[in-house]
Amino acid sequence: QSFLFFMFGFTVFLFQILLLSLTLYSGVDRKRGTIQENDNPDTGFFAAFIPPNAKPIVRVTQILSLMVFCLFPEASLQDVVTSIQLFPWTNSGKKTAPLWSLRFTCCLRFSQGIVAIAAVWLLVMSSDTVIDIILNFTAVNFISSLDDNAFSLAESGVFGPLIMEETSRVAGTKLPICVDREKKHVWYRRVMGGTLLIS
């Protein structure tokens, strides 16, 4: 209903996608990125940025970081789950529900979450020190939570009274029936389990 508020939220999304895309790009582009030369004997795509013969403590940290990421989901994994939960497949109930607007926001949230998951996996697997793994893991979680932080700041009036008023209206709006999902914990288990298996 408010174009200003939409652009505010969309700008936060753009910042997130740009930061995550630059993170991914710097991790896979040998010429312009930050990949260092390694002596990995494998010629596959992943061998270009995964360090070979990493120390056991690094491997343990990589496994633990991915397990923590899947079992205790932060903003990126929760964005994927929430976008699936809230996606309105049909417009049941009130026909006045903004179906395409809801679908658009769910698609944006899903894409941001998937890019963040890819960035976490790439950064964790390509790091060759424990500190780098933890710092990269923390950085991606910070980028993924920018939207929550921006909403909290907007709610407190940092970005002006107009955005604060719209934030209060959105926070008090009840979701339409078409996006009210039951058994939400089922989606958490499915997405977390799938991500853990892929990792």
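The structure is a predicted model, in which local features need pLDDT of at least 70, side-chain atom pairs count only at pLDDT 80 or more, and totals for chains, interfaces and linings use all residues. Residues are numbered from 1 along each chain as its sequence is written, and side-chain values use heavy atoms, with hydrogens and water left out.

The protein chain holds eight helices and zero strands. Both are DSSP runs, numbered from the N terminus: helices are H or I of at least four residues, strands E of at least two. Along the sequence the pattern reads α-α-α-α-α-α-α-α. Contacts (heavy atoms within 4.5 Å) were examined between residues at least 6 apart in sequence. Of these, 70% join residues at least 24 apart.

The chain has 199 residues, and 38% of them count as buried. Buried means under 20% relative accessible area, exposed over 50%, and partly exposed in between (1.4 Å probe, protein chains only).

A salt bridge requires a side-chain nitrogen of Lys or Arg within 4 Å of a carboxyl oxygen of Asp or Glu. The count is one. It joins the side chains of Arg-169 and Glu-166, at 2.7 Å from N to O. Both residues lie in helix H7 (residues 161-171). They are three residues apart, about one turn of the helix. Arg-169 is partly exposed, at 34% relative accessible area. Glu-166 counts as buried, at 13%.
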